[in-house]
Amino acid sequence: MIIFNKDYVHFFKSLNENIESIFSITFAPKFIIRDASGAIRNAIQDVYGSRSKQIMCYFHVTQNVRKLKTLLNGDEKLYGQIIQDIRNLHNFNTEESYLIQLEIFKQKYENNLQTEQFFVYFNKYWLDSAHNSWQLFHRPCGYACTNCPFESYNSTLKKNNLQSLYYIT
């Protein structure tokens, strides 16, 4: 399923226009919580530029990590320990504390034969990528950690595009 950047650009521009029309204010969000979609990330950049900080939805991080449970060969105890360590990384309120704990996390899992494949994935997609802003210290106090309202739009967009791919009208 390919959702194009232009679909999300249209969404964000329409959102801006509607907010301006209804409330007579310019919509300029300082923070936007998103999933790992490249199209969404690029559209936010296209519409808002560097004015809006993009924050990765924590739910999507954990959802994707759960899918890789098989890389741990069914070791439930190890899986539980990794999930707890990821949760701990998420919960730091300062970057300094996070970086200290991140080094401990890396030492624990990076060169461990049992967790090596998992760590390569986690490092590539959630630590060393454009999706690395899922920790609490990236957002102001009181901001959400997930992007639930945006999910309904994303779902509708996917369903409509899927339907047009399979039905000739």
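Let's start where α3 meets α6. On the α3 side, the residues are H60, V61, N64 and V65. Facing them in α6 are F118, Y121, F122 and W126. By class, that contact has six nonpolar residues, two polar and no charged. Keep in mind that this is a predicted model.

Now the geometry. Two packed helices are described by the angle between their axes and the distance between the axes. Helix α3 covers residues 58-67, and helix α6 covers residues 116-127. Their packing angle is about 155°, and the axes are 11 Å apart. Angles over 145 degrees count as roughly antiparallel, so α3 and α6 are roughly antiparallel to each other. The crossing of α3 past α6 is right-handed.

Next, the core. In soluble globular proteins, nonpolar side chains tend to be buried together. Here, the largest nonpolar core has 24 residues. Which of them have the most contacts inside it? They are V65, I86, F105, F118, F122, W126 and W134. Four helices, α3, α4 (76-90), α5 (95-109) and α6, each supply at least two residues of this core.

Look at W134. Set aside its neighbours within four places in sequence. What is W134 then in contact with? The list is M56, Y58, V61, I86, L89, H90, F122, W126, L127 and R139.

There is another core, lying apart from the largest one, with 11 residues. Among them are F12, I32, A43 and Y48.

On to the other helix pair. Helix α1 runs over residues 5-23, and helix α2 over 38-48. Their axes come within 8 Å and cross at roughly 45°. That makes α1 oblique to α2. This crossing, too, is right-handed. From α1, the contact uses N5, Y8, V9, F12, K13, L15 and N16. From α2, it uses A39, I40, N42, A43, I44, D46, V47 and Y48. The class count for α1 with α2 is 10 nonpolar, three polar and two charged residues.

Most residues other than glycine have a negative phi. S24 is not a glycine, yet its phi is positive, about 55°. Where is S24? In the loop between α1 and β1 (31-34). Is S24 buried or exposed? Exposed, with a relative accessible area of 62%.

N73 is the other case. N73 is not a glycine either, and its phi is positive at about 55°. N73 sits in the loop between α3 and α4. N73 is exposed, with a relative accessible area of 68%.

Terms used. Residues numbered from 1 in each chain as written. Predicted model: local features only at pLDDT ≥ 70, side-chain atom pairs only at ≥ 80, totals over all residues. Heavy atoms only, no water. Axes fitted to C-alpha atoms, helices over the stretch in contact; angles between N-to-C directions. Parallel < 35°, antiparallel > 145°, perpendicular 65-115°, else oblique. Left-handed = near helix turned anticlockwise from the far one by under 90°. Contact = heavy atoms within 4.5 Å. Nonpolar A, V, L, I, M, F, W, Y, C, P; charged D, E, K, R; others polar. Core = buried A, V, L, I, M, F, W, Y, C linked by side-chain atoms within 4.5 Å. Buried < 20%, exposed > 50% of the residue type's maximum accessible area, 1.4 Å probe, protein only.
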